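Good morning, colleagues. Please look at the sequence and the structure first.

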Amino acid sequence: MIEIPERTVIPSVRHLKELETALDSTSPYVLLTNVHIGNLEALAAKCIEADHRVLVHCDLIGGFKPDREGIRLLKNMFGVSGVFTQSAQVVSYAQKAGMLGILRVFIMDSRSLEKGIQILTEVRPDGIEVLPGALAHRYWDEFEPFRESTTLIAGGMIVTGKERDMLFDRGYRALTASSPGLWDMA
């Protein structure tokens with residue numbers, strides 16, 4: 001499980017000009033989503049200096065291969081605390097390296113939902129990100145049984161404060177959001 005206060009919005013920084021705003025948020029984590037191997041070190045250092053733990057979408061890092069050695073590199077060279085990934089294997093690599101492994105489960109149709117649930121019965125990630133967040137409230141009952149063993153996070157396409165609040169009220173412990181207007185609970 002991820003040690004994170006309930007009702008936390010994790011800033012998902014897609015545009016580097018928004019990093020300073022993310023660093024002003026109350027979230028203990030910042031998710032860097034638009035990075036490459038050349039700028040990750042400086043961006044991670046900036047987050048760590050501001051007392052935020054760094055999370056990355058390891059499948060989206062330019063110039064990076066998310067294998068066992070790559071995951072250890074993220075931790076040891078860049079100070080990354082955890083990874084978001086679609087791969088159960090990468091979650092395992094991260095956990096073995098002493099990092100958080102958050103498995104992304106996309107709800108595209110009933111088949112993808114069934115496959116995601118099946119994978120979750122075989123692997124125990126530290127967190128589950130249910131995507132898109134705009135649909136996550138409808139599928140709470142499918143993910144709720146995992147609540148005791150992992151942190152449930154909704155992410156993607158969450159645009160309004162009303163959507164944010166609905167997901168928290170439904171039971172998601174945290175959200176990832178790229179809209180700076182959602183980053184702090186007012």
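This is a predicted model: local features need pLDDT of at least 70, side-chain atom pairs count only at pLDDT 80 or more; totals for chains, interfaces and linings use all residues.

A pocket here is an open set of points on a 1 Å grid over the protein atoms alone, with protein on both sides within 12 Å along at least five of seven lines, and lining residues have an atom within 4 Å of a point. Grid points are joined across faces, edges and corners, and a volume is the space filled by probe spheres set on the points.

Residues are numbered from 1 along each chain as its sequence is written, and side-chain values use heavy atoms, with hydrogens and water left out.

The lining of this second largest pocket includes Gln86, Leu103, Phe106 and Lys115. Strand E5 (100-106) and helix H5 (110-122) each give two or more residues to that lining; helices (H or I, at least four residues) and strands (E, at least two) are DSSP runs, numbered from the N terminus. By class, the lining has six nonpolar, three polar and two charged residues. Ala, Val, Leu, Ile, Met, Phe, Trp, Tyr, Cys and Pro count as nonpolar, Asp, Glu, Lys and Arg as charged, and the others, Gly among them, as polar.

The largest pocket contains about 270 Å³. Of its 17 lining residues, Ser12, Arg14, Gly156, Met157 and Ser178 are the closest to the centre. Strands E6 (127-131) and E8 (174-177) each supply at least two lining residues.

How many cavities of 30 Å³ or more does the whole structure have? The search finds one, a cavity being a set of points where a 1.4 Å probe fits but cannot get out. The largest cavity has a volume of about 40 Å³. Among the residues lining this cavity are Ile10, Ile153 and Ala174.

E8 runs parallel to E1 (residues 8-13), with four bridges, and parallel to E7 (residues 151-155), with three. Leu175 is the bridge partner of Val9 and also of Ala154.

Key:
Two strands pair if DSSP finds at least two bridges between them.
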